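Below is a short report on one protein chain.

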Amino acid sequence: MQPAQGKSMEDSPNEGITTDDAFASPAVEQSLRLSIWDGAFATMMSSLCGGIFLVGFALTILDANALQVGVLAALPVSANIAQVFGSIFIERFGYRRKLTILSVTLGRFCWVPVILLPLAIFEGWGDLRVWFLVVFVGAASLLGSLAGVGWLGWMSDVVPAATRGTFFAKRNKICAGAGMVVVLAGGYFLNFWENLRGREDPFGYLFLFSLGLFLGLIASYFLYRVPDPKEGPAAPEAKRNFRWSGLWSPFRDANFRRLILYVALFMFVTQMAGPFYAVYMIDSLEIDFGTITLLITFATLASLFMLKTWGAIADQFGNKPILLVAGAAHGLIPLVWVVAQGAVYYEALIIAHILSGGIYCAILLAHLNILIKLSPEHGRSFYISAFNTVMGLSVVVAPIVGGLFLEWTAGMSGMVGTWEINNLHALFLLSGALQFVVLFCLPGLREEGSAPSRQVIMQLRNDLNPQTGLASATDFISVRAGQTNRLLKTIDQRTDDWAGRSEAFLAKVWDRLEAKARQTAKPNNEKSENPKP
């Protein structure tokens with residue numbers, strides 16, 4: 001599919017590589033590696049300073065209620081509204097790299113007052129501390145969002161279009177792995193701290209947030225090292241041609257408008273329940289943080305396992321069929337959460353997290369790829385900001401609506417067979433049902449080169465077939481065995497070579513020492529043969 005204006009990034013497989021000598025392929029490869037490092041450390045920060053740890057901090061330390069938790073959960077994505085201002089700045093003045101680095105780094109420093117909130121200086125503020133938390137996290141989110149529009153435009157010019165799906169799948173996989181490690185370690189650390197100091201002691205959370213801030217600043221360093229092929233101010237013609245009406249160009253693009261509508265509705269129906277899965281585990285099931293982080297690890301492992309498959313499918317079949325197939329599967333996951341109670345709650349939660357990790361990563365990958373693909377080169381910042389702003393508005397409203405729904409249905413209880421249904425379960429089921437309704441927005445969306453959904457299903461059946469997987473694993477082991485054999489032979493050859501060189505070196509040293517000893521002994525022998533009269 002071609003966007004209404006400009007040229008698609010998919011027109012040329014080398015669109016992401018500039019012809020400038022300073023940005024040749026080796027430099028691009030280095031930039032991609034640096035971007036992966038940046039993503040890994042940034043993910044570790046967001047994992048320690050957000051998600052389950054932020055929710056736990058708000059609930060157990062600051063006594064937040066369901067509505068406040070919903071607002072907190074909405075902040076990171078709802079702050080995408082700031083991308084409108086970022087897109088205006090970039091299109092008019094340029095300097096997207098500087099804007100990105102400055103904004104994201106300042107946003108990370110906003111966590112300093114969050115770390116200070118439980119300390120004595122804020123002790124007199126009482127319940128207002130929760131709203132201070134909302135303000136500080138909101139400021140960090142706004143600055144991070146402001147950086148987002150510059151980052152995505154920047155990366156779209158760095159990453160080659162032909163391998164974009166594969167690269168972002170690899171990057172996301174590494175980021176997910178890094179996040180999994182710190183979430184798992186953080187959860188066990190909190191368990192240890194709670195057993196040592198009690199559940200209401202804040203310093204366990206403060207340590208995690210401080211570590212997250214440190215890792216975030218490391219991410220800023222790696223981001224700083226990534227060059228921009230379009231570094232500097234906007235071109236003079238871009239400044240002359242800048243029009244405020246360009247802000248509305250994404251909404252005049254009928255096809256892009258369909259994409260925006262779908263994303264807005266999808267994020268709304270998923271995020272109206274999203275923050276309350278953690279509330280359900282913490283408050284209703286009373287699961288400790290060690291178990292929760294273990295469950296999150298299952299989700300991350302599923303994401304790591306599936307991202308390579310989804311990336312290859314995106315490059316081969318397009319992103320639209322992924323949205324249809326993964327979206328339908330994702331709508332079924334709330335059913336698993338409903339049966340997560342009684343004797344089988346733990347098994348059900350494992351299944352829910354594995355399904356969520358393996359499916360939701362596909363949706364996020366397809367969102368990113370199709371956004372770049374349908375955005376024209378000229379005015380791309382406007383398209384990115386429109387996409388993320390509308391999505392942000394949906395995420396602002398959705399958890400608030402979910403929180404209000406829980407308040408309106410407080411005390412709701414019923415039975416369906418052997419399963420109890422309370423207001424949280426009802427919210428989960430409503431979210432799942434609405435996800436199927438949202439899929440009807442996708443058939444009208446056009447993406448050039450996308451295949452029918454059945455081809456994605458057939459490819460998944462092949463990739464996930466146990467026999468195919470066994471054959472792949474056997475091939476993998478055989479290849480690794482061959483590589484190991486060659487490595488051992490190389491080591492053996494190198495060892496023999498080094499041994500021979502060592503022997504020759506020692507022999508040479510010995511000869512020199514022997515020669516020097518003979519020279520020293522010769523005068524002494526002459527003296528002994530010619531004694532003084």
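## Residues, helices and core

Isoleucine 400 is found in helix α18. The model is a predicted one. Isoleucine 400 is partly exposed, with a relative accessible area of 29%. Not counting residues up to four places away in sequence, isoleucine 400 touches Leu67 and Val71. Leucine 67 is 333 residues away along the chain, yet the two C-alpha atoms are separated by 6.3 Å.

Serine 394 also lies in helix α18. Its relative accessible area is 10%, so serine 394 is buried. Beyond residues up to four places away in sequence, serine 394 touches Ala264, Met267 and Phe268.

How do α17 and α18 meet, and at roughly what angle do their axes cross? The axes come within 9 Å and cross at roughly 145 degrees. The contact draws on His367, Leu371, Ile372 and Leu374 of α17. From α18 come Arg380, Tyr383, Ile384 and Phe387. By class, the residues of this contact divide into six nonpolar, one polar and one charged. The crossing of α17 and α18 is right-handed.

Phenylalanine 41 is in helix α1, which covers residues 25-49. Its relative accessibility is 15%, so phenylalanine 41 counts as buried. Its contacts are Leu215, Gly216, Ile218, Ala219 and Phe222, not counting residues up to four places away in sequence. Tyrosine 221 lies 180 residues from phenylalanine 41 in sequence, and their C-alpha atoms are 10.0 Å apart in space.

Histidine 425 belongs to helix α19. Is histidine 425 buried or exposed? It is buried, because its relative accessible area is 2% and the cut-off for buried is under 20%. Histidine 425 touches Tyr280, Trp337, Val338, Gln341 and Glu420, again not counting residues up to four places away in sequence.

Glutamate 286 sits in the loop between α13 (274-284) and α14. At 66% relative accessibility, glutamate 286 counts as exposed. Its phi is positive, about 55 degrees, although glutamate 286 is not a glycine. Most residues other than glycine have a negative phi.

| Residue | Relative accessible area | State |
|---|---|---|
| Histidine 425 | 2% | buried |
| Serine 394 | 10% | buried |
| Phenylalanine 41 | 15% | buried |
| Isoleucine 400 | 29% | partly exposed |
| Glutamate 286 | 66% | exposed |

Helix α2 (residues 51-61) is mostly covered, with ten of its eleven residues buried. Those buried are Ile52, Phe53, Leu54, Val55, Gly56, Phe57, Ala58, Leu59, Thr60 and Ile61.

Helix α15 (residues 320-330) is mostly covered too, with eight of its eleven residues buried. The buried set is Lys320, Pro321, Ile322, Leu323, Val325, Ala326, Gly327 and His330. What do the buried residues of α15 pack against? Their partners are α12 (254-271), α14 (289-317), α16 (333-338), α17 (345-374), α19 (423-438) and α20 (453-464).

Now the core. The largest nonpolar core has 138 residues, and Leu133, Tyr262 and Trp310 touch the most other members. Helix α17 supplies the largest share of this core, 16 residues. Leucine 133 touches Leu54, Phe57, Ala58, Leu62, Leu72, Val114, Leu117 and Gly138, not counting residues up to four places away in sequence. Among those contacts, Leu54, Phe57 and Ala58 are also buried residues of α2.

Finally, the whole chain. How many helices and strands are there? The chain has 21 helices and two strands. Of its 533 residues, 50% are buried. The chain exposes about 25,900 Å², and carbon and sulfur atoms supply 64% of that area. Among contacts between residues at least 6 apart in sequence, 86% join residues at least 24 apart.

Notes: Residues numbered from 1 in each chain as written. Predicted model: local features only at pLDDT ≥ 70, side-chain atom pairs only at ≥ 80, totals over all residues. Heavy atoms only, no water. Buried < 20%, exposed > 50% of the residue type's maximum accessible area, 1.4 Å probe, protein only. Helix = DSSP H or I, 4+ residues; strand = E, 2+ residues; numbered from the N terminus. Contact = heavy atoms within 4.5 Å. Core = buried A, V, L, I, M, F, W, Y, C linked by side-chain atoms within 4.5 Å. Areas by Shrake-Rupley, 256 points an atom, 1.4 Å probe, with all protein chains shown as cover. Axes fitted to C-alpha atoms, helices over the stretch in contact; angles between N-to-C directions. Left-handed = near helix turned anticlockwise from the far one by under 90°. Nonpolar A, V, L, I, M, F, W, Y, C, P; charged D, E, K, R; others polar.
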